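Take the sequence and the model side by side. The walk below goes strand by strand, then helix by helix.

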Protein chains: 2
Amino acid sequence: MTNAPREIENLIDLMARLPGLGPRSARRAVLYLIRKRGLLLAPLADAMHQVAVTARECVVCGNVSTSEVCDICTSEKRATGELCVVEDVADLWAMERASVFKGRYHVLGGTLSALDSMGPEELRIPKLVQRVVDEGITEVILALNATIDGQTTAHYIAEELEGRCAVTSLAQGVPIGGELDYLDDGTITAALKARKAL
Amino acid sequence: MTNAPREIENLIDLMARLPGLGPRSARRAVLYLIRKRGLLLAPLADAMHQVAVTARECVVCGNVSTSEVCDICTSEKRATGELCVVEDVADLWAMERASVFKGRYHVLGGTLSALDSMGPEELRIPKLVQRVVDEGITEVILALNATIDGQTTAHYIAEELEGRCAVTSLAQGVPIGGELDYLDDGTITAALKARKAL
C-alpha cells in the first residue's frame with residue numbers, strides 16, 4: 001500500500017488491528033516508532049515479548065497475571081470475606097485505581113447473552129458459587145455495567161447465591177461532578193428513587 | 001496504577017507513549033493483546049523486533065528503508081528525471097498511495113523554521129541541489145504542506161534551484177468531493193485565482 005519494505009508493511013498491518021488504531025494512525029505510530037527505534041521500538045518489542053511469554057489468567061479469579069494465581073488472590077491482606085464481581089479485567093483495574101475496595105475479585109469475562117451463547121458455565125458462575133463456599137465469603141458485591149445484559153447477569157448471580165451470602169450491587173445515581181442537565185432520564189429516575197436523607 | 005504485574009504495567013506505559021494512544025486506550029490495547037497473545041501479541045513483538053533491527057534511513061533520499069538505499073532510489077524504472085520533495089515519510093507514503101507519481105523522492109525531514117532551529121543543512125537541501133546535478137533531474141516537484149513554514153521552505157528551495165531545473169509545486173484548489181460551503185476563504189481564493197478554461 002505504501003511501497004514501504006515488507007517488514008514495515010507487516011508491522012503497520014499488525015498495529016492497525018489494535019483497538020483504537022486504524023490504518024492511518026497505525027502508519028503514524030509506526031513512523032514514530034522508527035524515529036524512536038532505540039528509545040521506544042526496541043523496549044516495546046521486548047516488553048511485548050515478555051508479556052506474550054508470561055501473561056496468563058489467574059486460575060482462581062480470572063484476572064490477568066504472570067503467575068498461576070494472581071497477586072490479589074495470594075495476598076493475605078485481601079481475604080476480607082468480600083468478593084467483587086466484575087465483567088472483565090478492565091473493570092477490575094478501574095476498581096483498583098479507585099483503591100477503595102480491599103477484598104478480592106471474580107472476573108466473569110463477559111455477561112449472560114443468548115445471542116453470543118454466553119451461559120453461566122462460560123462466565124465461571126459455578127466457580128463463583130464454589131468460591132463463596134470455600135473461601136467463607138460473607139458479601140458478594142456486583143460491580144457490573146448498568147446495561148440490560150449486565151443487569152440480567154446480576155439478577156442471575158443474586159438468585160444463584162441466595163441464602164449463601166449477602167449480595168449487593170454498586171449504587172446508581174448522579175456521578176460526582178455530574179450536571180443534572182446533561183444526565184439521561186434513566187439515571188435521574190434511579191437517583192430519585194434511591195434518594196437519601198441528609 | 002492498575003495493580004497489574006510489573007511486565008504488564010511496563011507494556012502499558014510504553015504503549016501510552018505512541019501517538020494517538022493515551023493511558024486509557026493503552027490499557028485497552030494491552031488487554032486486547034493479552035487476550036490475543038498467540039495471534040497478535042507474539043507476531044507484533046516479532047515484527048517490532050524485526051523493524052527495530054533492520055529499519056534505517058535511505059542515504060540518498062531519506063525514506064525509511066531496510067537497506068542502505070531504498071527500493072525507490074534503486075529502481076531503474078523510477079529514474080524519470082522527476083524528483084518530488086516531501087516534508088516527511090508519511091507524505092511520501094501518501095503520494096505512493098495515489099500511485100500517480102513515477103519518479104523519485106527527496107524527504108526533507110521537516111520545514112525551515114527559525115523557532116525549531118531547522119536550517120537548510122538539517123533539511124538536506126544542499127544534498128537536494130547535489131542530486132539535481134548528479135542525477136540529471138529536469139523537474140523538481142514541491143509537495144510541501146500548504147502552511148506558512150511549508151511555503152517558506154518551497155520558496156527557499158525554488159531560489160536554490162533557479163537555473164538548474166524546472167521547479168513546480170502541487171496545485172492548490174478545491175479538493176475532489178469538496179463542498180464550497182465547507183471550504184475556508186484561503187482555499188476558495190486560491191482556487192479562483194488558479195481557475196482554468198473548460
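In which sense do strand S3 (residues 82–86) of chain B and S4(B) pair, and over how many bridges? They pair in the parallel sense, over 4 bridges. Two strands pair if DSSP finds at least two bridges between them. Helices (H or I, at least four residues) and strands (E, at least two) are DSSP runs, numbered from the N terminus. Within S4(B), B:His106 is the residue opposite B:Val85.

Some ground rules come next. This is a predicted model, in which local features need pLDDT of at least 70 and side-chain atom pairs count only at pLDDT 80 or more, while totals for chains, interfaces and linings use all residues. Residues are numbered from 1 along each chain as its sequence is written, chains are lettered from A and ligands numbered from 1 in the order in which they are written, and side-chain values use heavy atoms, with hydrogens and water left out.

Now the whole sheet of chain B. It is open, has 4 strands and runs in the order S4-S3-S5-S6, with parallel pairing. Strand S4 (104–107) and strand S6 (166–169) of chain B each have a single partner strand, so one side of each lacks a neighbour in the sheet. From one strand to the next, the twist averages 25°. Axes here are lines fitted to C-alpha atoms, for helices over the stretch in contact, and angles run from 0 to 180 degrees between N-to-C directions.

Helices cover this sheet in part. Helix H5 (residues 89–98) of chain B packs on the sheet and touches S3, S4 and strand S5 (139–143) of chain B. Contact means heavy atoms within 4.5 Å. The direction of H5 makes about 160° with that of S4(B). Helix H6 (residues 125–134) of chain B also touches S3, S4 and S5 of chain B, and its direction makes about 160° with that of S4(B).

Chain A has its own sheet. Here too the record of strands reads S4-S3-S5-S6 (chain A), an open sheet of 4 strands with parallel pairing. Strand S4 (104–107) and S6 of chain A are the edge strands, and each pairs on one side only. Neighbouring strands are turned by 25° against each other on average, direction ignored. Helix H5 (residues 89–98) of chain A packs on this sheet, touching strand S3 (82–86), S4 and S5 of chain A.

Follow S5 in chain A. Strand S5 (residues 139–143) pairs with strand S6 (residues 166–169) of chain A in the parallel sense over 4 bridges. A:Glu139 stands opposite A:Ala166, and A:Val140 has A:Val167 as its bridge partner.

Back in chain B, look at a helix pair. Helix H2 (residues 23–35) and helix H3 (residues 37–54) of chain B pack at an angle of about 115°, with their axes 6 Å apart. That makes H2(B) roughly perpendicular to H3(B). Angles of 65 to 115 degrees count as roughly perpendicular, under 35 as roughly parallel, over 145 as roughly antiparallel and the rest as oblique. Among the residues in contact are B:Tyr32 of H2(B) and B:Leu40 of H3(B).
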